[in-house]
Protein chains: 8
Amino acid sequence: MENPQVLIIMGSDSDVPVMEEAAKALDAFGVTWEMRVASAHRSPKKAAGLASAAAARGVKAIIAGAGVAAHLAGVLAAETILPVIAVPMPGGALNGVDALYSMVQMPGGIPVATMAIGKAGAKNAGLFAVQILALGDAAMARKLVEYKAAMAEEVEARDRDLQARLGRM
Amino acid sequence: MENPQVLIIMGSDSDVPVMEEAAKALDAFGVTWEMRVASAHRSPKKAAGLASAAAARGVKAIIAGAGVAAHLAGVLAAETILPVIAVPMPGGALNGVDALYSMVQMPGGIPVATMAIGKAGAKNAGLFAVQILALGDAAMARKLVEYKAAMAEEVEARDRDLQARLGRM
Amino acid sequence: MENPQVLIIMGSDSDVPVMEEAAKALDAFGVTWEMRVASAHRSPKKAAGLASAAAARGVKAIIAGAGVAAHLAGVLAAETILPVIAVPMPGGALNGVDALYSMVQMPGGIPVATMAIGKAGAKNAGLFAVQILALGDAAMARKLVEYKAAMAEEVEARDRDLQARLGRM
Amino acid sequence: MENPQVLIIMGSDSDVPVMEEAAKALDAFGVTWEMRVASAHRSPKKAAGLASAAAARGVKAIIAGAGVAAHLAGVLAAETILPVIAVPMPGGALNGVDALYSMVQMPGGIPVATMAIGKAGAKNAGLFAVQILALGDAAMARKLVEYKAAMAEEVEARDRDLQARLGRM
Amino acid sequence: MENPQVLIIMGSDSDVPVMEEAAKALDAFGVTWEMRVASAHRSPKKAAGLASAAAARGVKAIIAGAGVAAHLAGVLAAETILPVIAVPMPGGALNGVDALYSMVQMPGGIPVATMAIGKAGAKNAGLFAVQILALGDAAMARKLVEYKAAMAEEVEARDRDLQARLGRM
Amino acid sequence: MENPQVLIIMGSDSDVPVMEEAAKALDAFGVTWEMRVASAHRSPKKAAGLASAAAARGVKAIIAGAGVAAHLAGVLAAETILPVIAVPMPGGALNGVDALYSMVQMPGGIPVATMAIGKAGAKNAGLFAVQILALGDAAMARKLVEYKAAMAEEVEARDRDLQARLGRM
Amino acid sequence: MENPQVLIIMGSDSDVPVMEEAAKALDAFGVTWEMRVASAHRSPKKAAGLASAAAARGVKAIIAGAGVAAHLAGVLAAETILPVIAVPMPGGALNGVDALYSMVQMPGGIPVATMAIGKAGAKNAGLFAVQILALGDAAMARKLVEYKAAMAEEVEARDRDLQARLGRM
Amino acid sequence: MENPQVLIIMGSDSDVPVMEEAAKALDAFGVTWEMRVASAHRSPKKAAGLASAAAARGVKAIIAGAGVAAHLAGVLAAETILPVIAVPMPGGALNGVDALYSMVQMPGGIPVATMAIGKAGAKNAGLFAVQILALGDAAMARKLVEYKAAMAEEVEARDRDLQARLGRM
């Protein structure tokens with residue numbers, strides 16, 4: 001991807017099944033993305049380089065997924081003024097509580113916007129990037145309004161299905 | 001504030017000493033803000049109304065601070081497509097772990113960008129809003145770059161002070 | 001259900017296998033119920049509407065089941081003076097601790113009566129609604145007394161079975 | 001109190017400063033109450049006796065406050081079909097998480113309606129009892145509607161105060 | 001069992017697979033036991049009755065196994081001066097942390113001797129009862145000394161096996 | 001103390017203010033005790049020696065108080081067949097949860113009877129030792145029965161005081 | 001192994017599948033090791049003996065793996081001045097949080113260097129021992145530099161693979 | 001300090017009161033040290049530079065102290081093959097549990113040797129560095145043996161003091 005709008009970075013390619021939820025959310029809104037593997041600990045220069053070069057490439061937001069002692073989002077945020085959105089990975093003995101604390105408890109000065117642990121968090125990371133982009137894109141903003149309406153309608157549909165199943169409506 | 005760029009909403013005016021860190025961060029970058037009290041539980045219509053009206057007023061991001069069963073950020077996010085940034089309040093018997101979980105563990109579809117518990121989180125919420133605004137404001141982006149450089153320089157200064165104190169350099 | 005005595009609302013139809021324990025408990029006492037899907041975040045107006053209209057429909061108690069950042073019970077309680085009983089869903093990376101804290105740690109002014117995480121909690125939510133209704137229904141109160149006696153007798157029976165199995169009585 | 005509507009039982013008289021929040025909430029709605037000290041462990045017969053005799057005395061709900069291994073609410077619920085509302089006390093090395101888990105995680109069959117840890121929970125326990133009583137008392141229901149409106153108005157007032165303080169409205 | 005030395009009580013017969021570890025440990029030392037089902041909540045009178053009658057039957061220690069809001073051990077301890085040994089059950093959404101806190105955090109005056117969550121705890125509950133009985137039974141004390149020596153020897157044997165497997169000794 | 005019945009060992013003399021609650025409980029029943037400082041880590045031979053020599057000195061139970069990574073009780077239990085009763089110290093960054101887990105989660109084979117964190121636990125450790133000794137001492141058993149009755153009576157007295165204060169009886 | 005450089009001790013041979021990750025890491029750098037089973041509780045003299053004899057045998061570091069109330073590392077550290085590296089085992093009801101706290105929260109005076117829970121921790125324990133040995137072994141230090149470079153290159157390779165899979169490079 | 005043996009790096013100069021415990025421990029053994037302020041997030045290049053240059057300066061171990069989302073140790077470990085020893089700072093809403101998890105849960109490949117939260121951990125970090133240096137310094141090893149003996153003797157002395165105070169020896 002020459003000039004992606006969003007850069008998705010994960011600490012290990014084993015995180016792809018979770019982090020592709022972010023990519024799907026971006027695709028649904030026509031937002032371009034690049035997905036990269038870079039580790040805060042095993043390839044720190046690459047990670048820092050991706051972050052520090054991102055703004056000049058036109059990237060508008062970085063999504064970082066990592067597990068256990070999840071330093072990736074903080075390490076990226078240290079190297080860029082772009083919004084960094086973090087997704088704590090589940091798994092490991094603490095099932096993501098360690099990753100959540102490592103991501104969300106950033107000291108003052110270097111914000112990291114943390115989402116829920118796992119797939120819901122990855123999807124929301126994508127949507128949150130869309131919300132940021134929609135601030136400067138009226139068409140995308142309209143699509144977000146429709147997306148919200150569709151979610152409400154889907155709840156409605158599931159409620160109708162449940163009533164039908166219960167034979168009670 | 002007629003047309004603030006950022007709307008800071010807190011569940012109780014007892015949260016002001018924490019949430020004013022967000023306002024200070026915004027002030028440092030010349031970002032206009034409005035600070036309001038609205039409760040997800042005690043004044044739900046007001047909270048929803050502030051959120052649903054925000055985009056039309058030109059607001060670009062909403063910062064929500066709340067404690068214990070901190071539903072405020074989620075309730076606001078349900079009513080707007082603007083980015084919602086959450087600050088869990090410390091205090092209460094669980095000292096903010098409840099607020100953190102209530103804010104960060106949002107289900108897929110409604111993102112809430114959660115910051116650290118307490119003042120560091122409030123400050124970062126302000127800075128994160130600045131980062132979002134800087135995507136469309138080159139001067140603000142430059143200021144952020146300078147802010148990052150100043151932080152590094154401040155660490156440098158504190159290190160020099162420490163060396164002096166230790167009489168070891 | 002035209003005029004249910006109890007309204008069971010859940011954030012997602014995937015919660016039905018847990019929440020039907022509440023319905024079964026109500027059925028056992030002849031209490032009528034309506035089970036609905038409504039999300040605090042994806043369909044907030046619907047959720048608020050169900051809650052605010054409930055009292056006028058003759059509903060006596062609302063049971064709310066939700067997971068992760070489980071705001072549903074609090075959002076419903078904000079819109080009604082009816083007793084709201086909450087059931088935290090298990091599942092997710094934190095397996096319901098997040099839902100428990102999001103439900104039980106309500107600020108003063110808006111009570112939510114929280115039950116155990118999962119099926120035991122859903123069953124007890126139903127029974128608790130029955131206990132409330134029995135305050136004004138002597139026949140139902142008698143049934144509750146019998147139910148308690150039957151529970152004690154079932155423990156007795158299981159103890160006898162165990163003694164038989166152990167060949168020790 | 002000859003025939004209180006609500007029975008407030010606490011494991012130790014050191015819990016009075018927390019539990020009197022429940023009494024105040026009941027007083028605000030003209031609900032009569034009796035406050036007693038009875039321990040699940042040190043005076044089990046007294047605790048059981050208070051619970052088993054309550055219904056015949058016309059009590060409509062029992063509020064139980066206890067700390068650490070807080071068995072009181074469960075022990076009372078075992079002896080009555082009245083709604084039992086639990087308030088976990090803060091304090092001790094775990095500051096109420098132990099009391100919360102001991103109260104809320106009741107097994108199926110014996111519901112205990114758990115409120116937040118500490119004063120907010122005690123206040124809400126009182127309000128929840130009022131909500132139960134209001135099901136059969138239209139005047140009390142109207143008062144609850146007014147109470148909710150007054151809470152919203154108080155938020156409004158605090159918001160206005162904040163605007164005044166900020167000199168920004 | 002006419003006059004068991006140890007009374008094993010569990011809240012549900014589903015706890016047998018865990019609690020039989022206690023019985024096995026007692027059997028290994030020739031200690032007689034009775035295993036009963038009695039619930040602190042569903043059959044409180046039975047539970048209290050078993051505890052209060054135990055001393056007169058010649059019982060020397062009571063072992064109580066229970067899960068979630070595990071009040072059983074505390075409720076038994078309230079009714080007897082015999083040593084009560086508690087085994088928190090694993091399982092449920094919190095996997096026994098709730099049972100552990102409910103058992104171990106007893107207030108001053110009513111001791112409950114808590115063991116580890118699950119099978120290791122049940123086995124140790126049996127061994128601890130043996131240790132108590134061995135205070136007045138020199139033959140049993142000798143058997144305990146041999147048991148300890150056999151444990152050390154078993155570690156030795158497993159170490160030798162490991163060395164053999166590693167082909168390194 | 002030539003031949004104490006109970007040996008109280010603590011990892012640091014800073015634990016005396018907590019552990020003297022155990023001594024007071026023993027004194028109240030005329031049980032003799034010896035209180036020693038010995039560390040599982042700083043003086044392991046002394047700790048092991050105290051434990052392995054205890055039985056021959058006529059000691060009937062060992063009470064161990066320790067904080068943070070509280071290995072003391074387990075290390076003592078490894079060296080004796082006497083009942084070992086553990087008291088987790090509060091304090092430190094985790095306020096005793098670490099000590100609790102380090103004491104209660106013993107593997108199968110080496111039981112440690114764990115009490116509550118802090119003073120309540122220390123008092124109960126003393127009482128539990130009394131309960132063990134009372135198995136072979138009818139007079140002490142009678143005193144325990146009286147102690148239980150006095151506790152119930154004290155609750156009664158506090159309840160009467162509360163009624164008087166409330167002016168409601 | 002006559003004179004191993006590293007001694008790997010585990011509390012149970014069931015820990016081999018985790019602890020062999022440490023051995024593999026040592027093998028990769030040509031470091032000799034001995035793997036032993038010794039329990040802090042079931043064979044305390046053996047455990048202490050292995051630790052106290054290690055330095056004289058030329059051992060340079062001890063790696064200790066244990067679960068639940070994991071006292072092994074602390075008990076070994078009490079008997080040696082060699083660096084002791086701890087690996088908390090996953091499993092049990094608390095899945096290693098108990099082992100982590102039991103290992104890492106050592107009091108001042110007796111350091112234990114704690115690694116992550118489970119296989120990652122075991123691997124890192126091996127690598128950390130290599131890092132210590134490399135301080136006095138320039139060839140090993142060079143190998144560590146290469147190892148780090150290879151890790152970075154592997155991340156690079158996985159990133160390339162991901163790009164190929166995504167068809168986006 | 002031209003060529004310190006140990007490099008102590010902390011994320012903020014507010015950590016000095018904790019981290020000077022490490023320096024004191026090093027001083028007690030005549031180990032030279034340099035104490036620096038460098039932040040993983042605010043001055044990442046400086047932090048990385050200190051770590052990557054350390055080995056060439058003759059540094060033998062790095063001690064890193066940081067709080068909340070404590071990435072410093074991991075970020076340093078990514079840049080050096082020297083042993084990195086981590087000290088989680090207490091404080092913040094989670095009082096160091098976040099720092100502990102952020103430091104200890106490192107993924108395989110990049111070890112960080114984590115000590116206890118706070119001053120005990122800082123002291124032990126210093127001692128652990130001494131233990132590493134003592135592997136190649138027989139005089140320092142002898143001093144460590146004496147240090148251990150002195151600790152045991154101090155426990156002995158405190159025990160004697162306690163006996164004197166109790167008037168029981």
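Hi everyone, let's start with two chains that do not meet: chain C and chain F share no contact (heavy atoms within 4.5 Å), and their closest C-alpha atoms are 18 Å apart. Chain D and chain G are likewise not joined by any contact, with 16 Å between their closest C-alpha atoms.

Before going on, a word on what we are looking at. This is a predicted model, where local features need pLDDT of at least 70 and side-chain atom pairs count only at pLDDT 80 or more, while totals for chains, interfaces and linings use all residues. Residues are numbered from 1 along each chain as its sequence is written, chains are lettered from A and ligands numbered from 1 in the order in which they are written, and side-chain values use heavy atoms, leaving out hydrogens and water.

How confident is the predictor? The complex gets an ipTM of 0.97 and a pTM of 0.97. For chain A, the average pLDDT (the predictor's confidence in each residue, from 0 to 100) is 96, and 98% of the residues score at least 70.

Now to a pair that does touch. Chain B and chain A each bring 40 residues to their contact. Between them they bury about 3200 Å², meaning the accessible area (1.4 Å probe) lost on being put together, summed over both. Carbon and sulfur atoms give 67% of that area. On the side of chain B, the three residues B:Ile81, B:Pro111 and B:Leu135 supply 21% of what the chain buries against chain A, more than any other three.

What about polar contacts across this interface? The rule finds 18 residue pairs, both at pLDDT 80 or more; here a pair of N or O atoms must lie within 3.5 Å, one able to donate a hydrogen and the other to accept it, and residues adjacent in sequence count only if both atoms are side-chain atoms.

Which element of chain B gives the most to the side touching chain A? That is helix 5, with seven residues, where a helix is a DSSP run of H or I, at least four residues, numbered from the N terminus.

Finally, some symmetry. Chain E can be laid on chain D with an RMSD of 0.0 Å by a turn of 180° and a shift of 0.0 Å along the axis, superposing by least squares on C-alpha atoms of residues with pLDDT of at least 70 in both. The two copies are therefore related as by a two-fold rotation axis. In chain E, the residue closest to that axis is E:Ser102, at 2.5 Å (C-alpha). Both copies use the same surface, as 100% of the contact residues of chain E recur in chain D.

Conventions
Buried area is the accessible area (1.4 Å probe) that two parts lose on being put together, summed over both. Helices (H or I, at least four residues) and strands (E, at least two) are DSSP runs, numbered from the N terminus.
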